[in-house]
Amino acid sequence: MATDPNTNDKNHKREKDRQKKRKALDEATKQDHTKKQGYWQKMKKTLSEKTGHKSRIRVLPIWLRIIIVLVLSIVALFIGLMVGYGVIGDGKPMDALSWDTWQHIWDIVTKTE
């Protein structure tokens with residue numbers, strides 16, 4: 001079975017057109033990406049150029065993150081105490097935070113009266 005030489009030429013031409021379109025699309029995408037570069041990316045680029053190495057700009061400093069985690073942990077502890085004492089234990093939720101309740105629990109644990 002003989003193949004038509006015109007068909008091969010057409011396929012070759014289509015493939016070249018596709019490659020040209022891909023190249024044009026890639027170039028357009030690169031240009032859009034450089035235009036849309038945000039403030040933080042520009043800052044990273046200038047800092048890395050000045051210092052010679054890549055650096056990370058943090059929105060929240062590490063010490064602030066640690067404080068936030070500690071505060072949220074304490075809040076979660078108090079909420080857990082109140083839910084456990086008030087809902088599961090059938091008491092008043094605010095009694096879980098009173099000193100008398102904890103003194104009573106300590107006396108039960110140490111078996112003092």
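So, starting with the surface: the chain exposes about 10800 Å², and carbon and sulfur atoms supply 62% of that. Those areas come from the Shrake-Rupley method with a 1.4 Å probe, and for residues only the protein chains shown count as cover. Before I go on, the housekeeping: this is a predicted model, where local features need pLDDT of at least 70, side-chain atom pairs count only at pLDDT 80 or more, and totals for chains, interfaces and linings use all residues. Residues are numbered from 1 along each chain as its sequence is written, and side-chain values use heavy atoms, with hydrogens and water left out.

How much of the chain is buried? Of its 113 residues, 3%, where buried means under 20% relative accessible area, exposed over 50%, and partly exposed in between (1.4 Å probe, protein chains only).

On to the fold. You get four helices and zero strands, running α-α-α-α from the N terminus. Helices (H or I, at least four residues) and strands (E, at least two) are DSSP runs, numbered from the N terminus.

Take α4, residues 99–110. One of the twelve is buried, so α4 lies largely in the open.

Now a nonpolar patch: W63, I67, V71, V75, I79, V83, V87 and I88 make about 800 Å² of it. V75 sits in helix α3 and is partly exposed because its relative accessibility is 41%. Patches take residues with over 30% relative accessible area and no salt bridge, joining like charges within 9 Å and nonpolar side chains (Val, Leu, Ile, Met, Phe, Trp, Tyr) within 5 Å.

There's a positive patch too, formed by K44, R56, R58 and R65. R58 is in the loop between α2 (39–51) and α3 (62–88), and at 40% it counts as partly exposed. Lys and Arg count as positive and Asp and Glu as negative, leaving out His and the chain ends; a charge is placed at NZ of Lys, CZ of Arg, CG of Asp or CD of Glu.

R18 and E15 make it, at 3.8 Å, N to O. Both lie in α1 (residues 5–35), three residues apart, about one turn of the helix.

How values were computed
Salt bridge = Lys/Arg side-chain N within 4 Å of Asp/Glu carboxyl O.
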